[in-house]
4 protein chains.
Amino acid sequence: MIKASIVGATGYAGAELVRLLLQREDVKIVGYGSKSFAGESYSGIFRSMYKYADDVCENDNVSELSKKADIIFTATPQGFLAENINDEVLANAKVIDLSADFRIKDVDVYEKWYKLEHKSKGLIKEAVYGLPELYREEIKKARLVANPGCYPTCSILSLQPLLKHKLIDEKSIIIDAKSGISGAGRSGKVDNLFCEVNENMKAYGIGSHRHTPEIEAQLSKAAGEDIVISFTPHLVPMMRGILVTAYASLKAGTTEEDIKNAYESEYANEKFIRLLRKNENAETRFVKGSNFVDIGYVIDNRTNRIVVTGAIDNLIKGAAGQAIQNMNLMFGIDEECGLKSLPMSI
Amino acid sequence: MIKASIVGATGYAGAELVRLLLQREDVKIVGYGSKSFAGESYSGIFRSMYKYADDVCENDNVSELSKKADIIFTATPQGFLAENINDEVLANAKVIDLSADFRIKDVDVYEKWYKLEHKSKGLIKEAVYGLPELYREEIKKARLVANPGCYPTCSILSLQPLLKHKLIDEKSIIIDAKSGISGAGRSGKVDNLFCEVNENMKAYGIGSHRHTPEIEAQLSKAAGEDIVISFTPHLVPMMRGILVTAYASLKAGTTEEDIKNAYESEYANEKFIRLLRKNENAETRFVKGSNFVDIGYVIDNRTNRIVVTGAIDNLIKGAAGQAIQNMNLMFGIDEECGLKSLPMSI
Amino acid sequence: MIKASIVGATGYAGAELVRLLLQREDVKIVGYGSKSFAGESYSGIFRSMYKYADDVCENDNVSELSKKADIIFTATPQGFLAENINDEVLANAKVIDLSADFRIKDVDVYEKWYKLEHKSKGLIKEAVYGLPELYREEIKKARLVANPGCYPTCSILSLQPLLKHKLIDEKSIIIDAKSGISGAGRSGKVDNLFCEVNENMKAYGIGSHRHTPEIEAQLSKAAGEDIVISFTPHLVPMMRGILVTAYASLKAGTTEEDIKNAYESEYANEKFIRLLRKNENAETRFVKGSNFVDIGYVIDNRTNRIVVTGAIDNLIKGAAGQAIQNMNLMFGIDEECGLKSLPMSI
Amino acid sequence: MIKASIVGATGYAGAELVRLLLQREDVKIVGYGSKSFAGESYSGIFRSMYKYADDVCENDNVSELSKKADIIFTATPQGFLAENINDEVLANAKVIDLSADFRIKDVDVYEKWYKLEHKSKGLIKEAVYGLPELYREEIKKARLVANPGCYPTCSILSLQPLLKHKLIDEKSIIIDAKSGISGAGRSGKVDNLFCEVNENMKAYGIGSHRHTPEIEAQLSKAAGEDIVISFTPHLVPMMRGILVTAYASLKAGTTEEDIKNAYESEYANEKFIRLLRKNENAETRFVKGSNFVDIGYVIDNRTNRIVVTGAIDNLIKGAAGQAIQNMNLMFGIDEECGLKSLPMSI
C-alpha cells in the first residue's frame with residue numbers, strides 16, 4: 001500500500017488527485033494538507049467526496065506530511081515547495097510537484113518569468129521533468145518530479161515530433177491555446193465568478209504567460225536548437241479542457257507522409273496519446289475525464305502551413321492524472337493504473 | 001465473461017452504457033445496435049470512445065442481437081421493446097429495458113399516459129421494476145428488468161421512507177423536479193439546441209409528464225394506499241443531473257427523530273444512497289459521474305412541511321448505472337462492480 | 001434633465017442601472033458611488049461601458065451624493081441605507097432603495113429575518129413599496145421607494161390575483177423559485193465561481209430565505225388575511241432570470257374562467273405583464289433583457305391544484321428596471337420610458 | 001415610415017433583425033418571410049416577441065415581399081437570393097443580403113469556395129460590400145448591399161489598418177477566430193445540441209472555411225496586393241460573440257507609435273469601433289448586445305509579432321446590427337439610429 005500525502009489538497013488540482021487516488025486500492029491518502037482549511041473535514045469542503053474522504057485537513061507542513069508518506073504531491077503556489085523542500089523531506093518520501101518550481105532548468109529564466117527568487121536552486125538539476133512520453137526512464141528513477149504545466153503538456157506533445165523530425169520552420173511557431181476555467185484555480189476572485197466568465201471569450205497574458213519558457217525549453221530540446229514561440233492563452237466558458245491550435249510553416253520538401261510518420265514513430269506505443277484519424281480535429285470533450293491527449297492536424301497547401309490541434313483534460317493529463325502516471329512509474333506500477341477512465345464527453 | 005448487446009447504443013443512455021461497460025474486464029460488448037447509425041463505426045459517432053469502441057454498429061434487431069449475448073440492454077423509444085421481445089429473445093438472453101415499456105403494471109395506465117397500445121401485455125407481470133433498493137431479491141431472479149425512469153428513481157428514493165413510515169400527509173405531495181438536458185435525448189430537435197437551452201429555465205409537461213404514474217405506483221406501494229402527486233419537471237441549462245425538491249405536510253406528531261430514523265432504517269446499508277448531514281441539501285454536482293443518490297431534508301416548522309432534496313446523475317443512477325447495478329444483481333456479481341467512480345464535481 | 005446618483009454602482013444591480021440610464025437622453029448620472037472602487041474609472045471596472053461611463057467612482061457617501069442629484073438609487077448591502085438616510089438626504093433628492101431596508105412594514109419581522117437592528121425606524125411608514133402594478137399612485141407621490149426583491153416581484157405578481165379573487169386555498173401555497181447567479185452579487189466568493197456553479201443545481205435557504213416575509217406581507221395584503229408560504233429558492237447555472245413555479249389548491253367551485261378573469265382584470269392594462277397564451281409556460285429567456293413579467297398557468301384536475309409559472313429578468317424587473325419604472329412614476333414620465341428593450345432571448 | 005420585409009425571419013440573424021427593428025419608431029416590418037414556418041404566428045416561434053410580433057409568417061417569396069416594402073433583408077441560405085433577385089425586385093425595394101451571394105467580386109472564387117453556381121452574375125459588380133467603415137459612401141447610393149460575414153467583419157476591421165499602413169509582413173497573417181454557437185444557425189442538427197456543444201471547444205473548417213476568401217479579398221484591397229491568410233474558426237460554448245486573435249510579423253522599423261497612429265487614423269471617427277486602452281484585450285462580453293467592435297493589441301518584442309484581438313457580437317455587428325447600419329446609410333438616417341444599446345455584459 002502506497003501512502004500518499006497531498007499538500008494543497010483543497011485546490012482544484014489537489015481535489016482531482018484526491019478523487020483519482022481514492023479510487024485506487026493500492027494507494028491510501030494519509031494526509032490532506034491545506035493552508036486555508038486546516039482543521040476542517042475534507043468532505044465538508046468537497047461534498048462530492050462525502051463518505052470517502054471525511055478526514056480532517058492538516059495544515060500544509062511539508063516536513064510533517066512527508067514523515068508518514070511514501071509520496072507527497074504538492075499542488076501549491078509557485079515558490080512554496082522550493083521554500084519547503086529539503087533533504088530530509090526527500091529522504092522521507094518521493095515528491096511530485098504540480099507547481100512550476102522545478103520545471104525550468106535555467107534558474108534565471110525561472111526567476112525572470114515568475115518574479116520569484118528560487119529558494120532551492122541546488123535541487124533543480126536533480127528534478128526530472130514529469131512528461132512520461134519524453135522522460136519515462138528518468139522518471140522511474142527520480143526522487144523529485146516536476147509535473148508539467150497544463151498548457152505545456154498539450155503544446156509540447158502536439159508539436160515536438162515535428163521539430164524533432166525537422167519538418168517545420170523553427171521560427172514560425174504560433175500556439176493559440178484555449179483553456180477551461182478550472183485552470184484559474186479555486187480562489188474567490190471576481191474575475192472567475194460565473195457571471196464574469198460565462199458567455200465570454202478572452203485572451204490573457206499575451207506574450208507574457210509563464211508557461212511560455214517551459215514550452216520553449218522542451219521544444220528547443222526536441223529541435224536541438226533554441227526555439228522562440230508566440231503563445232497566447234485564452235479563457236473559455238467551460239470547466240475543463242485545453243485545446244491547442246498550433247501553426248507552423250512547413251520546411252521545403254515536407255510531405256504529408258513525413259508528418260504522419262513523425263507522429264507515429266513518436267507515439268505509436270503511447271497508451272495515452274491518440275493520433276486522430278484523417279480530417280479529425282481534437283475536441284476537448286472527447287478527452288474530458290480521461291488522461292488522453294488527442295492530436296489531429298491539417299496541412300494547408302494554400303499557406304504551406306500545418307495546423308495542429310491537441311486536446312487534454314487540464315486537470316487530468318494537465319495535472320493530477322499526469323502526476324499519478326508519474327507516481328506509477330516511480331513505484332514500478334503499470335503506467336495506466338488508476339487512469340483507465342474513458343472520457344465522459346457529456 | 002458476460003457478453004452484452006446494447007440496442008439504442010447511439011443515444012445518450014446507450015452511450016453511457018458503452019462508456020461504463022468498456023471499463024469492465026468481466027463484460028464484453030458484442031453488439032452495438034443502432035437504427036440510425038447501422039453500418040458506421042461506433043467511435044466515429046462518439047469520438048470519445050476512439051480506440052476503445054471502433055466496432056461497426058448493427059441495426060436494432062433485438063432477436064439477432066440476443067443470439068450472441070448473455071444480456072441485452074434496450075435504450076430504445078417507448079413501445080419498441082414491447083413490439084420486439086418474445087420468448088425466444090428471453091431464452092437467449094436476460095433483458096434490461098431502459099424504456100418505459102415494462103415499468104407500469106397497470107396496462108391501462110401505461111396505454112393512457114403513453115398513448116400507445118402495449119404489444120407484449122403478457123410479459124408485464126413477469127417484469128421486475130429495477131430499483132435495487134426496493135426490489136433487490138426479485139431482480140436477482142429476473143429475466144426481464146424494467147429499469148426505472150430518471151425522475152422516478154430520484155423521486156421515489158427521496159420520498160418512499162416517509163410514506164412507508166406514515167410520516168407525511170399522503171395527499172400533500174408536490175414534486176418539483178429539475179433536469180439537465182441530456183434527459184431529452186440525442187435527436188436533432190430545435191428545442192434542444194445550445195442557443196435554445198442555454199441561459200434558460202423552464203417547466204414542461206406540467207400535470208401530464210409520463211413519469212407521473214410510475215412515481216405514483218411506487219409511492220402507492222410504499223404507502224399502502226393510492227397516492228396522487230403533483231409532478232412538475234423543469235429543464236436546466238446543464239448536461240447531467242436531476243434535482244428533486246419535494247414538499248409534503250407532516251402528519252401530526254411526526255418528529256425530526258422519526259424522519260431521521262425512517263431514512264436510516266431504509267437506507268443504512270445502501271452503498272449508493274448517501275443521507276446528507278444536517279443542514280445539507282442535495283446538489284447535482286456532488287453526484288455527477290457517479291451512481292450515488294444524495295438525499296437531504298429540512299423541516300419547516302412555520303408551515304409544518306418537510307422539504308426533501310434528492311440528486312442523481314440522470315445518465316448513471318437514472319439510466320445506465322442503474323442498469324449495470326441490475327445486471328450485477330442478475331449475474332450474482334458484487335452490486336458495486338463497475339460503479340465505483342466517485343463524482344466529478346467540476 | 002434628471003440628475004441621478006447611484007450608490008453601489010459597481011455591483012450587478014448598480015451596473016444594470018448604469019447601463020439602462022446611460023441610454024436615456026433625459027437622465028444624467030452625476031455620481032457613481034462605490035465603497036470598493038472609489039477613485040477608479042467606472043469603465044475600467046465595467047469595460048462594456050468604455051467611452052460611455054469613463055467617470056471616476058466616488059465613495060459611497062449618501063449625503064454628498066444626494067446634494068448634486070435629483071434622485072439617488074442605493075444598491076447597497078442590507079442596513080446601509082437605514083444607517084445613512086436622514087431628512088437632509090430626503091430634502092436633497094428622492095431615494096429609491098434596492099436593498100431590503102424599507103420593504104417590510106413590520107420592523108420586528110425585518111429585524112428577525114435580517115438579523116439587523118433597523119437604524120431608521122421612523123421612515124419605514126413613509127416608504128412606499130415600489131411595485132408599480134400594486135402601488136402606482138403611492139409611488140407617484142413618494143420621496144422614498146423600497147424597490148422590491150427579485151424573488152418577491154416575480155412571486156407576488158404571479159400569485160396575488162388568485163388570492164385577491166379568493167380562488168385558492170390560502171394555506172396551500174408553495175413557491176419553488178429558481179434564479180440565475182447574478183442574484184448572488186459580484187463579490188469574490190468561492191461559492192459563486194464558474195466551476196462551483198456551472199453544471200450544478202441546488203436549493204438554498206430552505207424555509208429561511210429573507211425574501212419570505214416580503215412575499216408573505218404582500219400576499220397577505222392581497223388576500224386580506226395572514227398568508228404563510230413555503231418558499232424555496234434555487235440557483236441555476238445561468239446569469240440572469242428568475243422562474244417561479246407556484247403551487248396552490250383551488251377552492252371548491254373555482255373554474256378556469258374564474259382564473260382567467262382574475263388575471264385579466266388585474267393585469268389587462270399593465271404594459272410589462274404578459275399573460276401567456278393557453279398551454280404556454282413562462283421561460284426566463286423570453287424576458288431576458290426586458291422589464292417584462294411573463295405569467296402562465298396550468299390547472300391540474302387530478303390534484304385540484306393550479307401550477308403558476310412566472311418569469312422575470314432578475315436584474316431588470318427584479319432590480320434596475322423596476323427602479324427606473326419607479327423613477328419614471330416619481331418624476332411624472334411615461335412609465336415605459338427607457339424600458340422598451342425587447343427580450344434578447346439568445 | 002420605412003417598410004421592411006425580412007426573408008428568413010425565423011433564423012437567428014432574422015430574429016435579431018426583428019428584435020432590433022421592432023424597437024424603432026421609424027420602421028415597420030411589413031413581411032415576415034419564412035420557408036419553414038409560413039402560416040404560423042411569428043411570436044409563436046419566438047415567444048420573446050409575444051405582443052410585439054404576433055403577425056403570421058408568409059413564405060419566402062422575394063418578389064411578393066418586395067412589392068410592399070421599401071427594403072428587404074434576406075437572411076437566407078447561400079444561393080437563395082442570387083436565384084430570386086431580379087430587376088423587378090430591385091425596382092420595388094432596396095436589398096440588404098445577409099448571405100454570401102454578393103460579397104465576393106470574383107465569381108470563380110465564389111463558386112469554388114461555395115460549390116454553387118452563381119445565378120445572378122450580372123448583379124455582382126453593382127453590389128456594394130456593406131462594411132460601412134470601409135464603404136460608407138458607396139453604401140449610401142447602393143440598391144443592393146452585401147452584408148459582410150461575421151468572421152470577416154471582425155477580422156477585416158481588426159487587421160486592415162496594419163496592412164493599409166504597410167506595418168506588417170503581408171505573408172505572415174494568421175487569424176485564429178472563436179465564435180459562439182448562434183453562428184451555426186437554428187436548424188435541428190445534432191452537432192449543435194446543448195449536450196454536444198457545452199463544455200467543449202473545437203476548431204472546424206481548418207484551411208477551408210468559406211469566409212476565408214471574403215477576408216482575403218478585403219485585406220488584399222487594403223494592402224494593395226494579394227493577401228493569403230491562415231484562418232481557423234472555432235466553436236465556443238457560448239451563444240453570442242466572436243473573438244479574433246490575429247498574428248502578424250512586424251515589418252522592419254515598425255514602431256508602437258506607428259501602430260497606434262494607424263488604428264487611430266482609420267477609426268478615430270467611427271462610432272462603433274472602440275480602440276481599447278493600452279494593455280486591454282478585446283473580450284466578447286464587453287460588446288454583447290451592442291453594435292461595437294472592440295480592438296486591442298499587444299506587441300511582442302520577443303517574436304517581433306503583433307497580436308491583435310478583436311471582438312464583436314456576431315448577431316449584431318456581425319449580422320443584423322450591421323444590416324441596420326447599412327439601412328440607415330441607404331435611407332439617409334443617422335448611422336447609429338436603433339443601434340445605441342450598450343453592451344449587456346452579463
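Visitor: Where is C:E40 placed in chain C?
Guide: C:E40 is in the loop between β2 (27–33) and α2 (42–45) of chain C. The model is a predicted one.

Visitor: Is C:E40 buried, exposed or partly exposed?
Guide: C:E40 counts as partly exposed because its relative accessibility is 39%, and partly exposed covers the range between under 20% for buried and over 50% for exposed.

Visitor: Which residues is C:E40 in contact with, leaving aside neighbours within four places in sequence?
Guide: With those neighbours left aside, C:E40 is in contact with C:I45, C:D55, C:V56 and C:C57.

Visitor: And what separates the C-alpha atoms of C:E40 and C:E58?
Guide: A distance of 8.2 Å separates the two C-alpha atoms, with C:E40 and C:E58 being 18 residues apart along the chain.

Visitor: New topic, the chains. How many residues are in contact between chain D and chain A?
Guide: On the chain D side there are 47 residues in contact, and on the chain A side 47 residues. The two chains bury about 4000 Å² between them, with 52% of that area on carbon and sulfur atoms.

Visitor: How many salt bridges are there between chain D and chain A?
Guide: The count is 6 salt bridges. One of the salt bridges joins the side chains of A:R302 and D:E216, at 2.4 Å from N to O. Across the interface of chain D and chain A there are also 30 residue pairs in polar contact, with both residues at pLDDT 80 or more.

Visitor: Which element gives the most to the side of chain D that touches chain A?
Guide: That is β7(D), with 4 residues. The residues on this side of chain D divide into 21 nonpolar, 12 polar and 14 charged.

Visitor: What about D:E196, which residue does its side chain meet in a salt bridge?
Guide: The side chain of D:E196 meets that of A:R285, at 2.8 Å from N to O. The pair crosses between chains, from helix α10 of chain D, which holds D:E196, to the loop between β11 (273–275) and β12 (293–300) of chain A, which holds A:R285.

Visitor: Are D:E196 and A:R285 buried or exposed?
Guide: Both D:E196 and A:R285 are buried.

Visitor: Now chain D against chain B. How many residues are in contact there?
Guide: In this contact, 20 residues of chain D meet 20 residues of chain B. The area buried between chain D and chain B is about 1700 Å², and carbon and sulfur atoms give 71% of it.

Visitor: What is the count of salt bridges between chain D and chain B?
Guide: There are 2 salt bridges between chain D and chain B. One of them is between the side chains of B:E196 and D:R186, at 3.1 Å from N to O.

Visitor: Switching to domains. What does the assignment give for chain A?
Guide: The assignment for chain A gives domain 1 (2–126) and domain 2 (151–314). Their C-alpha centres lie 27 Å apart. The contact takes 14 residues from domain 1 of chain A and 12 residues from domain 2 of chain A.

Visitor: What area is buried between domain 1 and domain 2 of chain A?
Guide: About 1100 Å² is buried between them, and carbon and sulfur atoms give 57% of it. Across this interface there are 2 salt bridges, and one salt bridge in chain A joins the side chains of A:E214 and A:R103, at 3.3 Å from N to O.

How values were computed
Residues numbered from 1 in each chain as written. Chains lettered and ligands numbered in written order. Predicted model: local features only at pLDDT ≥ 70, side-chain atom pairs only at ≥ 80, totals over all residues. Heavy atoms only, no water. Contact = heavy atoms within 4.5 Å. Buried area = accessible area lost by both parts, 1.4 Å probe. Salt bridge = Lys/Arg side-chain N within 4 Å of Asp/Glu carboxyl O. Domains from an automatic or database assignment. Helix = DSSP H or I, 4+ residues; strand = E, 2+ residues; numbered from the N terminus. Buried < 20%, exposed > 50% of the residue type's maximum accessible area, 1.4 Å probe, protein only. Polar contact = N/O pair within 3.5 Å; in protein donor to acceptor, adjacent residues only side chain to side chain. Nonpolar A, V, L, I, M, F, W, Y, C, P; charged D, E, K, R; others polar.
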